[in-house]
Amino acid sequence: MSKPYRLQAPIVPEHPRQKQIADMLRIEVAPAGKVSKHGVVWFSIDHANYAGEVPGVRIGRGIIAGIPDMFIMHRGLTHFIEVKADDGELSDAQRSVATAIVVGGGRVGIARDAGEVLVCLDEWRIPRNRRVRDAA
């Protein structure tokens, strides 16, 4: 007799990285969705399709492929972070959305860990608490 088949959720290598980045942002900026003392707000964007909807329904609601994983706003300027695994590359949809964000006046960074997000924050001159130091 063979073993019964069990459904398993797919393993997404970026999820633990995004959790690490979110933990760092809570320390360096503020809790997700709260405005820091420096006027910075951030949150993650969940791309999961929990309802099992067909793509047309999602598109009709404005949900498109390629939206970056994390959103940061400071002084009205939008910044997005796309979290990638070590071997991850941007998809065509992600490149297209990143281009649209930049053309629209926003900024986009790609990060593989919290240290790379710190580099983005510093390059973008986003104020942070400076409690976490980059390991690099």
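These legends walk through several close-up views of one predicted model.

The model is predicted, so local features need pLDDT of at least 70 and side-chain atom pairs count only at pLDDT 80 or more, while totals for chains, interfaces and linings use all residues. Residues are numbered from 1 along each chain as its sequence is written, and side-chain values use heavy atoms, with hydrogens and water left out.

**View 1. The whole chain, from end to end.**
Let's start with the overall plan: the chain has four helices and four strands. Here helices (H or I, at least four residues) and strands (E, at least two) are DSSP runs, numbered from the N terminus. Read from the N terminus, the order of elements is α-β-α-β-β-α-β-α. The chain has 136 residues, and 33% of them count as buried; buried means under 20% relative accessible area, exposed means over 50%, and partly exposed lies in between (1.4 Å probe, protein chains only). A contact means heavy atoms within 4.5 Å. Of the contacts between residues at least 6 apart in sequence, 60% join residues at least 24 apart.

**View 2. Strands β3 and β4, side by side.**
Strand β3 pairs with strand β4 (residues 107-111) in the parallel sense, over five bridges. Two strands pair if DSSP finds at least two bridges between them. To find one of these spots, look for H79, whose bridge partner in β4 is R107. Between the two strands the chain passes through α3, and this β-α-β crossover is right-handed. Right-handed means that, with the strands pointing away from the viewer, the path from the first strand over the helix to the second runs clockwise.

K84 sits in the loop between β3 (77-83) and α3 (92-103). Is K84 buried or exposed? K84 counts as buried because its relative accessible area is 8%. Its side chain makes a polar contact with the side chain of Q94 at 2.9 Å, and also reaches the backbone oxygen of E89 at 3.2 Å. A polar contact is a pair of N or O atoms within 3.5 Å; within protein, one must be able to donate a hydrogen and the other to accept it, and residues adjacent in sequence count only if both atoms are side-chain atoms. Leaving out residues up to four places away in sequence, K84 touches residues including E14, R17, I110 and R112.

**View 3. E82, a salt-bridge partner of K84.**
E82 belongs to strand β3 and counts as buried because its relative accessibility is 4%. K84 and E82 form a salt bridge, with their closest N and O atoms 3.9 Å apart. A salt bridge is a side-chain nitrogen of Lys or Arg within 4 Å of a carboxyl oxygen of Asp or Glu. Beyond four places in sequence, E82 touches residues including I67, P68, D69 and G109.

In one of them, the side chains of R26 and D23 meet at 2.4 Å, N to O. R26 and D23 both lie in helix α1 (residues 14-28), three residues apart, about one turn of the helix. R26 counts as partly exposed because its relative accessibility is 39%. E28 and R128 form another salt bridge, with the closest N and O atoms 2.8 Å apart. This pair links distant parts of the chain, with E28 in helix α1 and R128 in the segment after α4 (114-123), 100 residues apart. E28 and R128 are both buried. Salt bridges with shared partners join E28, D122, R128 and R130 into one network.

The largest nonpolar core has 20 residues, of which L25, M70, I81 and V117 touch the most other members. A nonpolar core is a set of buried Ala, Val, Leu, Ile, Met, Phe, Trp, Tyr and Cys residues joined through side-chain atoms within 4.5 Å. Helix α4 gives the largest share of this core, five residues. Buried residues of α4 include A114, L118 and L121, and the helix's buried residues pack against α1, β2, β3 and β4. At the start of α4, a side-chain oxygen of D113 reaches to within 3.0 Å of the backbone nitrogen of G115.
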